[in-house]
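Subject: A structure for you to explore

Hello,

Here is the structure I promised to hand over. Have a look at it first, and then read my notes below.

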Amino acid sequence: MTLASRPRRSALYLPASNAKALAKARTLPCDVVILDLEDAVAPELKDAAREAAIAAVFEGGFGERELVIRANALGTEWGAADLAAIAAAGPDAVLVPKVSSPADIRACDAALAAAPPHTQLWVMIETCASVAQLDAIAACAADTRLALFVMGTNDLAKEMRARLTPGRAPFLPILTLTVAAARAHGVAVLDGVCNEFRDLAVFRAEAEQGLDWGFDGKTLIHPDQIEPCNAVFTPGAAEVAWAQTVVSAFDQPENAGKGAIKVDGKMVELLHLEQARQMLAIAAQIAART
């Protein structure tokens with residue numbers, strides 16, 4: 001399965017210090033489980049949370065869900081120990097917060113040198129400094145474990161002294177530039193969390209906004225957000241049918257080697273074929289889970 005074809009519609013943060021949350025995570029219909037050692041864990045519980053997260057990796061039972069551990073930033077007193085322990089455990093990915101430069105990516109990559117090959121590096125885009133170096137940071141994917149960006153809109157708002165308003169207007173340029181940088185270098189990208197978990201209509205509107213902007217999925221703070229998030233980021237029947245039509249058209253012998261063809265009255269190029277194949281791969285993986 002390629003990175004592009006793996007569904008990451010919903011990525012739920014859960015505090016690794018909460019044993020009940022760890023048990024529940026194995027039953028939830030999210031695509032990604034992120035065991036959090038950072039914001040959701042009090043300083044006095046950091047070491048115990050790390051041990052619990054590592055134990056969860058070895059215990060398994062997460063099925064098709066990707067299992068990710070969010071470490072504390074390398075600059076904190078827990079960061080180095082987090083990455084060393086995570087590297088030894090080998091989850092699907094480690095999510096590192098507060099990265100601001102290519103040097104940060106390379107430092108994290110070096111700290112994961114002992115991790116198995118399948119363990120990816122995911123990073124949070126949540127500092128003002130990172131915004132100025134998005135392309136350079138994404139370019140590190142060429143020779144490091146870097147595979148995915150996660151927007152950290154809450155921390156970014158705090159650092160910018162901006163307001164998280166409905167519609168997220170202050171962050172529109174940053175969100176779109178992050179997606180563009182990720183796509184330029186083959187990096188997947190997840191939207192930030194929506195703090196509103198009681199009003200699911202508000203949440204769904206923000207998820208649809210993220211889909212429109214090109215995100216692969218969205219990070220979540222509450223299990224109630226999973227269902228609407230999956231619904232938004234699951235390709236619809238009409239989209240799947242069109243993708244199948246495009247692939248079938250390019251498979252016709254008379255269209256072999258062509259860069260552009262007419263399909264149902266529309267001009268379709270090879271880039272649309274690539275998009276269609278990716279959508280069908282994602283849809284097939286989702287269907288296999290239901």
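This is a predicted model: local features need pLDDT of at least 70, side-chain atom pairs count only at pLDDT 80 or more; totals for chains, interfaces and linings use all residues.

Strands here are DSSP runs of E with at least two residues, helices are runs of H or I with at least four, and both are numbered from the N terminus. Two strands pair if DSSP finds at least two bridges between them.

Residues are numbered from 1 along each chain as its sequence is written, and side-chain values use heavy atoms, leaving out hydrogens and water.

Leu190 stands opposite Gly217 in β8.

Now for a residue in strand β5 (residues 120-125), namely Val123. Is Val123 buried or exposed? Its relative accessibility is 0%, so Val123 counts as buried (under 20% relative accessible area; exposed is over 50% and partly exposed in between, with a 1.4 Å probe and protein chains only). Beyond its neighbours within four places in sequence, Val123 is in contact with Leu95, Val96, Val99, Ile105, Leu146, Leu148, Phe149 and Val150, where contact means heavy atoms within 4.5 Å.

Next, the helices. Two packed helices are described by the angle between their axes and the distance between the axes. Axes are lines fitted to C-alpha atoms, for helices over the stretch in contact, and angles run from 0 to 180 degrees between N-to-C directions.

Helix α9 (residues 200-213) packs against α10 at about 30 degrees, with the axes 9 Å apart. The two are therefore roughly parallel (under 35 degrees; over 145 is roughly antiparallel, 65 to 115 roughly perpendicular and the rest oblique).

Which way are α11 and α12 set to each other? The axes of α11 (residues 237-251) and α12 (residues 270-289) come within 9 Å and cross at roughly 125 degrees, so these helices are oblique to each other.

Enjoy exploring!

Best wishes
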